[in-house]
Amino acid sequence: MKKIALGLAALMLPMAANAQVTIAGTATPSVHSSDPGLVLTSAPGNFSLSLDLDPLTATPNSLFVSNLFTLGTTEGSVNIGEDTVSYPLSVEFAFTNPLGTASDTITGQSFGFYQLLTSCGLIAGGCGRVVWDGPQTFNFGAGGSFSLALNNVTFGTPGSSAVGGTFTLLSTTAAVPEPATWAMMLLGFGGIGYSMRRRRKPEQALATA
């Protein structure tokens, strides 16, 4: 019986460890939409992904999402001296999961440029580019956190590009066991208690003899 109880307890460990956290929400860009400067257009996007909560395998645990939202321009060419000046832009993230994740923004700059002998040359009319300032850390729950780093993008004039990002789990909260895990835990504890009670009975019989 003791071996059975130990086996049940061992089965509980991988079940509790293989928990996942779902990160879901929306990304809404705030762009530079008028002259002077490169005029940008945007389309918000929804995202949903799962990251491993197992501390043995999740440090760091990263996942790249290729299409969080879209940026582009309707301008037919880059005007030197006007569109080549950098202007700030930002993206606001609102999360529906994990519960308690604070909304926040990631900032960057947009500008137009020419690069000879490429698809962004003079004949093509140049290109637009967006460069992000850096990753942002988002906190959730009691001590859990993840970071999000957006990738820089280049698009034609006119043109657009999907912006992706890398989510990295930085720290985790204690995983809440699923119903199957609770059942295994109860069986394990019950088996351990039964085994301990069986071991006490011979000792009690000797004491009363």
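The following legends describe close-up views of a predicted model.

**Figure 1. Confidence along the predicted chain.** The protein chain has an average pLDDT of 81, and 69% of the residues score at least 70. Over residues 2-18, pLDDT stays under 50, and the model has 20 contacts beyond four places in sequence for this stretch. Residues 174-183 likewise stay under 50 in pLDDT, with 8 contacts beyond four places in sequence. Where pLDDT is low, the predicted coordinates should not be read in detail.

**Figure 2. The open sheet of 6 strands.** The strands follow the order β3-β1-β5-β6-β7-β10 and pair in the antiparallel sense. β3 (45-52) and β10 (153-156) each have a single partner strand and stand at the edges, so one side of each is left without a neighbour in the sheet. From one strand to the next, the twist averages 30 degrees. Strand β5 (residues 87-97) is joined to β1 by 7 bridges, and the two run antiparallel. Ala24 stands opposite Asn97 in β5.

Figure 3. Strand β7 (residues 127-132) pairs with β10 over 4 bridges in the antiparallel sense. Val130 stands opposite Val153 in β10. Val153 and Phe155 make up the covered face of β10, whereas Thr154 and Gly156 make up the uncovered one.

**Figure 4. Surroundings of His32.** His32 is located in the loop between β1 (20-30) and β2 (41-43). With a relative accessible area of 15%, His32 falls below the 20% limit and is therefore buried. A polar atom of the His32 side chain lies 2.6 Å from the backbone oxygen of Pro36. Not counting residues up to four places away in sequence, His32 touches Gly37, Leu38, Val39 and Leu40, together with Tyr87, Pro88 and Ser110.

Figure 5. The structure holds 12 aromatic pairs. Phe95 belongs to strand β5 and Phe138 to strand β8 (residues 136-140), so the pair ties together parts that are 43 residues apart in sequence. Phe95 is buried, with a relative accessible area of 12%. Phe138 is buried as well, with a relative accessible area of 1%. Ring pairs link Phe95 and Phe138 into a cluster that also includes Phe47, Phe93, Phe140, Phe146 and Phe167.

Figure 6. The peptide bond from Asn97 to Pro98 is cis, with omega near -5 degrees. Pro98 lies in the loop between β5 and β6 (104-113), while Asn97, in β5, stands opposite Ala24. The peptide bond from Thr157 to Pro158 is also cis, with omega near -5 degrees. Pro158 is placed in the loop between β10 and β11 (159-171). Most peptide bonds are trans.

Figure 7. Leu117 is part of the loop between β6 and β7. Its phi is near 60 degrees, a positive value in a residue other than glycine. Most residues other than glycine have a negative phi. Leu117 counts as exposed because its relative accessibility of 90% is over the 50% limit.

Note on methods: Residues are numbered from 1 along each chain as its sequence is written. This is a predicted model: local features need pLDDT of at least 70, side-chain atom pairs count only at pLDDT 80 or more; totals for chains, interfaces and linings use all residues. Side-chain values use heavy atoms; hydrogens and water are left out. Buried means under 20% relative accessible area, exposed over 50%, partly exposed in between (1.4 Å probe, protein chains only). A polar contact is a pair of N or O atoms within 3.5 Å; within protein, one must be able to donate a hydrogen and the other to accept it, and residues adjacent in sequence count only if both atoms are side-chain atoms. Contact means heavy atoms within 4.5 Å. Two strands pair if DSSP finds at least two bridges between them. Axes are lines fitted to C-alpha atoms, for helices over the stretch in contact, and angles run from 0 to 180 degrees between N-to-C directions. pLDDT is the predictor's confidence in each residue, from 0 to 100. Rings of Phe, Tyr and Trp (its six-membered ring) pair if their centres lie within 6.5 Å; planes under 30 degrees apart count as stacked, over 60 as edge-to-face and the rest as tilted.
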